Amino acid sequence: MKFSGTDSYVAPPDLTVAVNAAITLERPLLVKGEPGTGKTELARQVAQALGLPMLEWHIKSTTKAQQGLYEYDAVSRLRDSQLGDPRVNEVSNYIRRGKLWQAFEAEGRCVLLIDEIDKADIEFPNDLLQELDRMEFHVYETGQTVTARQRPVVIITSNNEKELPDAFLRRCFFHYIRFPDQETMRKIVAVHFPDIKEALLSAALTQFFELRATEGLRKKPSTSEVLDWLKLLLAEDLTAGDLRADAASALPRLHGALLKNEQDVHLFERLAFLARRQR
């Protein structure tokens, strides 16, 4: 069971090594990187490449680790008991299975994505240590122990919003997705826009990487954002000449796809103003 990328996902060699190492070690793969570098999409592409079903658990600031195992709906059981519903005699009727439970009881191996784990409370990763390590957990309301039929391929993403506990990190195989260089970016663009003209691509990527390198930029545009920008350029039927003509204004054409806050827009407006004064 080896991952080597797919027709729609360019996986650099170091990333494929990390995925396959995690699968061999049967450890969760912890993937970090800038937002928009394809961390979530990686899990989907691994599932597609290996022909495995996929479960996605998207973490929010209010998410608790227990929700990934199961939730006991005591309120519904109390209401049903007041109504005389015979279902109350069976506790399991009020147990809602979480994503980990679903992955553990799957007929075959599957891919489990735990997306943006750093959004949750700092104790969240620690609360999943034993479950991810031993691949089992206890259901106190029913007295049963749920054990994974087959160990799922677990991929965990993080945007580095907060540090993860050392005990959790020890149980993972770690990989940081570096931002693509120009050559890799060209391969990524070729997957999404195979018919883009070379002159337009060269001009767009030159402008894009110069924009990312601008000092003082609060949020650097990501891979997903440059793909959105290129899609707009193609939809507007713009040429390399159009982009070069705009270069003097500092702000790129259709910059709303790349710059996502007013501070960065104002930064480029000031740069354009200073450039005009120096002429």
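Student: In which loop does Asp237 lie?

Tutor: Asp237 sits in the loop between α11 (223-235) and α12 (240-246). Helices (H or I, at least four residues) and strands (E, at least two) are DSSP runs, numbered from the N terminus. Before we go on, this is a predicted model: local features need pLDDT of at least 70, side-chain atom pairs count only at pLDDT 80 or more, and totals for chains, interfaces and linings use all residues. Residues are numbered from 1 along each chain as its sequence is written, and side-chain values use heavy atoms, with hydrogens and water left out.

Student: What is the phi of Asp237 near?

Tutor: Start with the general idea: most residues other than glycine have a negative phi. Asp237 has a positive phi, near 55°, and is a residue other than glycine. Glu116 is also a residue other than glycine with a positive phi, near 60°. Glu116 belongs to the loop between β5 (111-115) and α6 (124-127).

Student: Is Asp237 buried or exposed?

Tutor: Buried means under 20% relative accessible area, exposed over 50%, and partly exposed in between (1.4 Å probe, protein chains only). With a relative accessible area of 65%, Asp237 is exposed. Thr223, which lies in helix α11, counts as buried at 7% relative accessibility. Gly36 is partly exposed, at 29%.

Student: Where is Gly36 found, and what is it in contact with?

Tutor: Look in the loop between β1 (29-33) and α2 (39-50) for Gly36. Contact means heavy atoms within 4.5 Å. Setting aside neighbours within four places in sequence, Gly36 is in contact with Ser222, Thr223 and Ser224.

Student: At roughly what angle do the axes of α9 and α10 cross?

Tutor: Axes are lines fitted to C-alpha atoms, for helices over the stretch in contact, and angles run from 0 to 180 degrees between N-to-C directions. Helix α9 (residues 182-192) and helix α10 (residues 198-212) have axes that come within 11 Å and cross at roughly 130°. Angles under 35 degrees count as roughly parallel, over 145 as roughly antiparallel, 65 to 115 as roughly perpendicular and the rest as oblique. α9 and α10 are therefore oblique to each other.

Student: Which residues of α9 and α10 make the contact?

Tutor: From α9 come Gln182, Met185, Arg186 and Val189, and from α10 come Glu198, Leu201, Ser202, Leu205, Phe208 and Phe209.
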